[in-house]
Amino acid sequence: MKAYLCVKACLNSIVSGYPPPVAVETGRKLLPPDMRPSFAELSIELQQYR
């Protein structure tokens, strides 16, 4: 269920006009600490899609 809420927050942020990195960070904050990637890990993963 947490993953669903994470995706929902990301999509809501995108629709509200936030840039994608901010939207992803919004969703990341909703994940429990044991599932949440660090900012550095997330940044490395996002570099693949730029």
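The sulfur of Cys-6 lies 4.5 Å from the closest cysteine sulfur, that of Cys-10, which is too far for a bond; a disulfide is a pair of cysteine sulfur atoms within 2.5 Å. The model is a predicted one, in which local features need pLDDT of at least 70 and side-chain atom pairs count only at pLDDT 80 or more, while totals for chains, interfaces and linings use all residues. Residues are numbered from 1 along each chain as its sequence is written, and side-chain values use heavy atoms, with hydrogens and water left out.

The structure holds zero disulfides. Cys-6 is buried, with a relative accessible area of 13%, and Cys-10 is buried at 17%. Here buried means under 20% relative accessible area, exposed over 50%, and partly exposed in between (1.4 Å probe, protein chains only).

Attention now turns to a pair of helices. Helix H2 (residues 20-28) packs against helix H3 (residues 39-47) at an angle of about 135°, and their axes are 12 Å apart. Helices are DSSP runs of H or I with at least four residues, numbered from the N terminus. Axes are lines fitted to C-alpha atoms, for helices over the stretch in contact, and angles run from 0 to 180 degrees between N-to-C directions. H2 and H3 are therefore oblique to each other, since angles under 35 degrees count as roughly parallel, over 145 as roughly antiparallel, 65 to 115 as roughly perpendicular and the rest as oblique.

In their contact (heavy atoms within 4.5 Å), Val-24, Glu-25 and Arg-28 of H2 meet Phe-39, Leu-42 and Leu-46 of H3. The residues of this contact comprise four nonpolar, no polar and two charged. Val, Leu and Phe are among those that count as nonpolar, and Glu and Arg among the charged.

Technical notes. Helices (H or I, at least four residues) and strands (E, at least two) are DSSP runs, numbered from the N terminus.
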